[in-house]
Amino acid sequence: MENKYNMTKEDNIFFAKRKLADNIYKSANLEGIAVTFADGMVFQHFGHTERFKIYTVEEGKVVGAEVVLTNGSAHGALSGFLKAHGVDVLICGGIGGGARMALAEAGIQLYPGVMGPADVRVEEL
């Protein structure tokens with residue numbers, strides 16, 4: 001297959017993910033994005049996170065954010081915690097199978113395996 005746009009494989013994957021995320025936003029009318037959070041970065045263990053940064057989204061744009069403490073909630077209880085805070089999307093590092101299932105049952109879209117600055121990752125979504 002010809003590479004008529006002269007893009008690397010990584011560029012193609014990035015743009016495909018971006019297109020998918022744009023379509024999800026347009027179809028779902030999302031309101032809240034949560035990120036496992038520590039020191040400005042995406043925290044790497046969902047079940048052990050002590051805080052989330054929750055972003056408020058209106059018409060596809062971030063209009064506010066706040067850091068909320070989990071108050072000791074862990075693993076399966078976190079899906080209810082997130083839903084109670086109006087979260088539709090979760091960005092996190094590592095996450096186990098049980099937590100994935102709990103989030104899916106709560107209707108929360110999951111973006112696992114993410115690293116780096118939380119604010120930047122939300123803007124990329």
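**Entry 1**

I started at Lys83, which is partly exposed at a relative accessible area of 36% (buried is under 20%, exposed over 50%, partly exposed in between, with a 1.4 Å probe and protein chains only). I was working on a predicted model, in which local features need pLDDT of at least 70 and side-chain atom pairs pLDDT of 80 or more, while totals for chains, interfaces and linings take in all residues. I numbered residues from 1 along each chain as its sequence is written, and side-chain values rest on heavy atoms, with hydrogens and water left out.

I then looked for the partner of Lys83 and found a salt bridge to the side chain of Asp88, at 4.0 Å from N to O (a side-chain nitrogen of Lys or Arg within 4 Å of a carboxyl oxygen of Asp or Glu).

**Entry 1: the other salt bridges**

How many salt bridges are there by this rule? I count three.

One of them joins the side chains of Asp119 and Lys53, at 2.9 Å from N to O. Are the two ends buried or exposed? Asp119 is partly exposed at 40%, whereas Lys53 counts as buried at 14%.

I also found the side chains of Glu124 and Arg121 in a salt bridge, at 3.1 Å from N to O. Both residues belong to helix H4 and are three residues apart, about one turn of the helix. I read 36% for Glu124 and 22% for Arg121; Glu124 is thus partly exposed, and Arg121 is partly exposed as well.

**Entry 2: the chain as a whole**

I listed four helices and six strands. Along the sequence the pattern reads α-β-β-β-β-α-β-α-β-α. Of the 125 residues, 34% count as buried.

The protein exposes about 7,700 Å², with 54% of that supplied by carbon and sulfur atoms (Shrake-Rupley method, 1.4 Å probe; for residues, only the protein chains shown count as cover). I next took contacts between residues at least 6 apart in sequence, and 51% of them join residues at least 24 apart (contact: heavy atoms within 4.5 Å).

Val122 is buried, at 4% relative accessible area. I also took the C-alpha separation from Val122 to Leu90, 32 residues away along the chain, and got 9.8 Å.

Val42 lies in strand S2 and is buried at 5%. Its contacts, not counting residues up to four places away, are Val35, Thr36, Cys92, Gly93, Val114, Gly116, Ala118 and Arg121.

Ser79 is in helix H2 (residues 77-84). At 9% it counts as buried. With neighbours within four places set aside, I find Ser79 in contact with Ala102, Leu103, Ala106 and Ile108.

**Entry 3: Asp39**

Most residues other than glycine have a negative phi. I noted Asp39, whose phi is near 55°, a positive value in a residue other than glycine. Where does Asp39 lie? It is in the loop between strand S1 (32-38) and strand S2 (41-42). Asp39 is exposed, at 79% relative accessible area.

**Entry 4: the largest pocket**

I put the space in the largest pocket at about 400 Å³. A pocket here is an open set of points on a 1 Å grid over the protein atoms alone where a 1.4 Å probe fits, with protein on both sides within 12 Å along at least five of seven lines; lining residues have an atom within 4 Å of a point. Grid points join across faces, edges and corners, and the volume is the space filled by probe spheres set on them.

Eleven residues line the pocket, and I found Lys17, Tyr111, Val114, Glu124 and Leu125 closest to its centre. Helix H1 (9-28) and helix H4 (118-124) each supply at least two lining residues. The largest share, five residues, is from H1.

I sorted the lining into seven nonpolar, no polar and four charged residues (nonpolar: Ala, Val, Leu, Ile, Met, Phe, Trp, Tyr, Cys, Pro; charged: Asp, Glu, Lys, Arg; polar: the others, Gly among them).
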